[in-house]
Amino acid sequence: MGLLLLVPLLLLPGSYGLPFYNGFYYSNSANDQNLGNGHGKDLLNGVKLVVETPEETLFTYQGASVILPCRYRYEPALVSPRRVRVKWWKLSENGAPEKDVLVAIGLRHRSFGDYQGRVHLRQDKEHDVSLEIQDLRLEDYGRYRCEVIDGLEDESGLVELELRGWGCVSSHLSHMLGRQFGDRGR
């Protein structure tokens, strides 16, 4: 029975010699002219998306503005630019849920929660998707993830942000003492 089913499949035009089929046909041919949106062809030909963020921790002060650097590039470089989706979020601390900060496609963006009106992307240079946070608050310190999504491919990097200065220490202490004593006297 299995042999009877296999023979008609082999005789179908265009099915002979095709790679594994999972709903999409992939071609490894060097002469493939099917450009489509370019994602599949580039992926198979070895184009890699790379996201770069600083390894060192950034330090700043409460009330200041800061830029969390994030750039992306392709290896090897692409001839024509592609539209990517960018997502920034703050990673959780001590089991707290992650916080969405900003999502952008091209010049369109959306910010979330306490970050609304305080964040935007710095797109001064090509492939620059750095996040600017204005009027920094004590709760803004922590680790942020910058994710760049290009079709089916995505890469990300981390940026660590710490706040310094007496204003931060005194605010943090009063916040902790208020929590410890049930906000008495406030």
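1. The model is predicted.

2. The peptide bond between E75 and P76 is cis, with omega at about -10°. P76 is located in the loop between β4 (71–75) and β5 (85–90).

3. H127 is not a glycine, yet its phi is positive, at about 70°. This residue belongs to the loop between β8 (119–122) and β9 (130–133). H127 counts as partly exposed because its relative accessibility is 22%, and the cut-off for buried is under 20%.

4. A positive phi also occurs at D135, where the value is near 50° in a residue other than glycine. D135 is placed in the loop between β9 and β10 (142–150). With a relative accessible area of 44%, D135 is partly exposed; the term exposed would require over 50%.

5. How many aromatic pairs does the structure hold? There are two. In one of them, the ring centres of Y72 and Y74 are 6.1 Å apart and the planes stand at 90°, so the pair is edge-to-face. Y72 is classed as buried because its relative accessibility is 8%, and Y74 is likewise buried, at 8%.

6. Y115 and Y144 also form an edge-to-face pair, with 6.4 Å from centre to centre and 85° between the planes. Which parts does this pair tie together? Y115 is in the loop between β7 (108–111) and β8, while Y144 is in strand β10, so the contact links parts that are 29 residues apart in sequence. Y115 is buried, its relative accessible area being 3%, and Y144 is buried with a value of 0%.

7. Two lysine residues should be read together with aromatic rings. The charged end of K87 sits over the ring of W89, at 4.7 Å from the ring centre. K90 lies over the face of Y141, and here the distance to the ring centre is 5.7 Å. The distance criterion for such a contact is within 6 Å of the ring centre.

Methods
Residues are numbered from 1 along each chain as its sequence is written. This is a predicted model: local features need pLDDT of at least 70, side-chain atom pairs count only at pLDDT 80 or more; totals for chains, interfaces and linings use all residues. Side-chain values use heavy atoms; hydrogens and water are left out. Helices (H or I, at least four residues) and strands (E, at least two) are DSSP runs, numbered from the N terminus. Buried means under 20% relative accessible area, exposed over 50%, partly exposed in between (1.4 Å probe, protein chains only). Rings of Phe, Tyr and Trp (its six-membered ring) pair if their centres lie within 6.5 Å; planes under 30 degrees apart count as stacked, over 60 as edge-to-face and the rest as tilted. A charge sits over a ring if NZ of Lys or CZ of Arg is within 6 Å of the ring centre and within 35 degrees of the ring normal.
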